[in-house]
Amino acid sequence: MSQSTRKSNWFKNILSKPAQSTSTRAHPFWSVSRKLVLPIISVLVVMALGLTLYNFFETTRRNKEEEAKDLARIESSVRNQVEGLQKLALAIATETANNSEVQSAFASGDRELLKEIMLPTFYAVQSEFDVKQYQFLLPPATSFLRLHQLDKFGDDLTSIRATVVQANTDKKAVSGPEIGRGGFGVRGVVPVNYQGKHIGVIDVGIDIGPSFLESIKQQYGMDAQIMLDNKTAQNATFQGAVTELAGPNEDLLFQAGTNDHPIYADISAYPRVMAGESVISERKIEGRSYSIISFPLKDFSGKVIGVLEIVSDRTEVIAAENRNLLLTILASLAAIIFGGFVIVQFINNTVHPIGELTETAIAVTGGNLERKAVVKSSDEIGTLANAFNSMVTQLRESLTTLEGRVAERTRNLELAAEVARSVSQVRAVDVMLKDAAELIRSRFDLYYVQVYLTNPSQTALVLQSGTGTVGMELADRGHQLPLNTGSINGRAAMEKRSVVISDTTASTTFRPNPLLPDTRSEMAVPLLFGENVVGVLDMQARQAGMLNQDMLTAFEALAGQLAIAIQNSNFLAETERARAEVEEQARRLSRANWKDYLDAIHRPEETGFAFEQNKIIPMTELGQSQLPINDHALTASIAVTGESLGNLVVEMEGQSPISRADELVNIVAQQVAQQIENLRLLDSAERYRFEAEEASRRLTREGWKDYLDVNADRGSSYIYDLKEVRQYDQAEGEQTEDAGYSLPLKIRDEAVGKLVVQGLGSDDKESLELASAVAERLSAHIESLRQFDETKRSQVELDKRARQLAAVAEVSSVSSRELDIDKMLHTVVHLTQRQFGLYHAHVFIYNENTAELKIAACGYKEGDEHEGTDGTAVIPLAQEKSLVARAARTSQAVIVNDVRNEAGWLPNPLLPETNSEMAVPLVIGDQILGVLDVQSEVLNAFTEEDANIYATLAAQVSTALQNARSFARTQQQAQRESTLNIISQKIQSATTVEAVLQIAARELGHALGAPMTIAQLSMKDRN
């Protein structure tokens, strides 16, 4: 069954399939209503929960802030109360100190009189202000009279009453909190003077203890407690001054509080409070919550001596907050439930028409195209129902024509696949494209088909193949199109997308071809291989609309197959060419190797053997007439890597006793070829080894010859005469050699000397073996010493080259940074002369206009009378007697190591000590810039290696010189442009012709430095 038939049956099944009953269709769980309801309810829950939590935490935060503010206000109030008590104590003491009767009695030491005067006052302030201590003290702090303890006096309180000591010392009033034997309280200590003389002090103390804390509790409804510093509180020696309850830590002791069981803050708060900081803590103890503010108590000197805490019970407040949270959550849940019910009802009423529309769509999907959606409203859902009914109507109409379109497209795809299979079997590109074009034209009934390929430079589309006589004519012309958007084929290649013109008469971009007058529609499809465009497939039809977008899919698939076939064909051709080149190279190499092997020197150029009458006969003994040439002879080529080296010939007289004799001959010929190639390789390896050994011996011989020449003055022969080792002359050496046994000193089988031993006979084997061993070791050792000596000389040479290269780098670095030509050249010659230890160095610059070389910079020997001068020497380029001119003409370095014997040397009277000279050209490309000339007072001072070093230096100097010239030209151009701009601005600012001429003459005269500049206008003698 064809694909088009299957498509037709499919459409018939769709049209005849009954609609599935909607009553039996199960509704999915995730319906539209649930998808709307659940997210909305979730959002409401999240929002309600978030608002509830926010309200709870915000209320809690505000309550804590208010609590903290209240505690801070209480702290401030308590501090004010302490300051009030302090002022009260100071006022009572001051009033007493100003009483003249008291002053007189105190000054006279009349304790009884003081009692009589002060006891009524003490009892009054004690009952009214809770004054606990009231006493008179002599300097420095000796108790004279305690009104609160009349029977105790005369004790020294210096160690515990700092306020008293300070008041007696400074003779000024002192007030503030302090711990004494009577406990903790505020003190007012005032000095007493009588007739201008200081007598002592009056100390009034108001207790800060349980009564004070109880007043705080009654005032604020909060518990209060005091802890004292452990070390300071040890001064409170009276029993009951400090309670026995433990403090919060070892450093603090509980002094008094309004609660039977103290409630302390967090243990980490107390070090901060003792450091002077107020701290608010939250504690939960036995199911109750407390807020505690702890603030420091400071004595009169500002030292922290304890902690005062206000404890607030927040249990009821937190319980109220939790109740509010619960009520808020319940209210939120009720609101969510009610809101969810309303939303569900609203969504169900809204989504119900969508459900009906969904059932209608399912029926249409099942094949019932007569089903219509019921329109119940004019909103968006009603609009959607109308659009759906219109879509179903269009679908019903489209299905009647879709089968034919699908069948047509299927046929096009099948034809494209057929063409692709056909062209993929052809390997040659020209044949494949010709067959492809004709096959496409005939299968799709087209007017004309052609294929363009891109040229190697990717600048044009070259016609590779076209159908009919038109295609042949265009191909013969070498027709091609530029690779641009001027044609539809060029546009398809440039944009890498197909171009379709369904009706050429209605297209403004179509370019008619006079050879194809009947074209009415055209399609150009790029041949793409990956991202590369290899060509364009162009198709033309006689009917308008025949080539359209519907056919594009088939032709693009075909173009893809065609592009792959083209690339495969190109790859195959390239592979074949590469293989042929490799095989040809292997044949050439094999032929060359065998020509070298059979070179008529080591072996004859021709060789061979014949087997006849049970005998092996060399080919040289056989005549040409004896060679097997009858028709029954079997011949096989003896070939190595495709190169025939000879033949294996077997003369046959009749039927061979062995079947397939020709195959046997070929196999034997192959084995012969393989074996003789192996033997040739082995023999060549032996020959190369022999040549390498011969070269090694020659190098050893030449090395020792050079070594002996260099060390000729040191002697190379020694004799031992049982007394001493000394040199000996040749005549003595010959006598010794004639009278002794001689053993050669060999290195790599090359004799470099001999060891002669007198009194040694040929029959003394042990002595001979010892002498031979000594000679062998002596040979190896002197060879090592020679090589070490050569290594040292090479190292010296390398060190010299390293120093020279470092000097080149330094000169190059300095010259590249200097843009002034004169400074740069003077720096170069100065550094070159110093770094290379030269007698003289100078640079000549070449002038192309005069064809002359002129000195630009000189570097005389340090201390020379001409040091710092350059001279004015000018050498014509054509001058024969000049090393500098010769180097410039040839662009090659010129070395003369003995200038006195050089006919082409031009002497300089200012340089009388020159013995060696080298001129190196300064060249950029083919342009000669000048010459670097260096001179030495030493004969044979320069070598070829030196020439290479100086050539490197010259190249760097040439680059720096060129850069400096470019920079100078740029600067001159910039200056010229700036001057021209200034002159132009001045000319444009002139308002009269006369002013313009005056400005032009004046500014040009200034800019050019001309003695006279004229700017004029004249119409005289003109028609």
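In this predicted model, the axes of helix 18 (residues 821-835) and helix 20 (residues 944-989) come within 10 Å and cross at roughly 165 degrees. Axes here are lines fitted to C-alpha atoms over the stretch in contact, with angles from 0 to 180 degrees between N-to-C directions; helices (H or I, at least four residues) and strands (E, at least two) are DSSP runs, numbered from the N terminus. The two helices are therefore roughly antiparallel, a label for angles over 145 degrees.

The table lists who touches whom, contact meaning heavy atoms within 4.5 Å.

| Helix | Residues in the contact |
|---|---|
| helix 18 | I821, M824, L825, V828, T832 |
| helix 20 | Y950, L953, V957, A960, L961, A964, R965 |

These residues divide into ten nonpolar, one polar and one charged.

Now to helix 6 (residues 210-220), where F212, L213 and I216 are buried, that is, under 20% relative accessible area (1.4 Å probe, protein chains only). Seen down the axis, the buried residues of helix 6 fall within an arc of 95 degrees, so they line one face; the arc is taken from the directions from the helix axis to the C-beta atoms. On the other side, P210 and Q218 are exposed, meaning over 50%. Just after helix 6, G221 takes a positive phi of about 70 degrees.

Stepping back, the chain has 21 helices and 30 strands, and buried residues make up 35% of its 1023 residues.

Residues are numbered from 1 along each chain as its sequence is written, and side-chain values use heavy atoms, leaving out hydrogens and water. Local features need pLDDT of at least 70, side-chain atom pairs count only at pLDDT 80 or more, and totals for chains, interfaces and linings use all residues.

How values were computed. Angles under 35 degrees count as roughly parallel, over 145 as roughly antiparallel, 65 to 115 as roughly perpendicular and the rest as oblique. Ala, Val, Leu, Ile, Met, Phe, Trp, Tyr, Cys and Pro count as nonpolar, Asp, Glu, Lys and Arg as charged, and the others, Gly among them, as polar.
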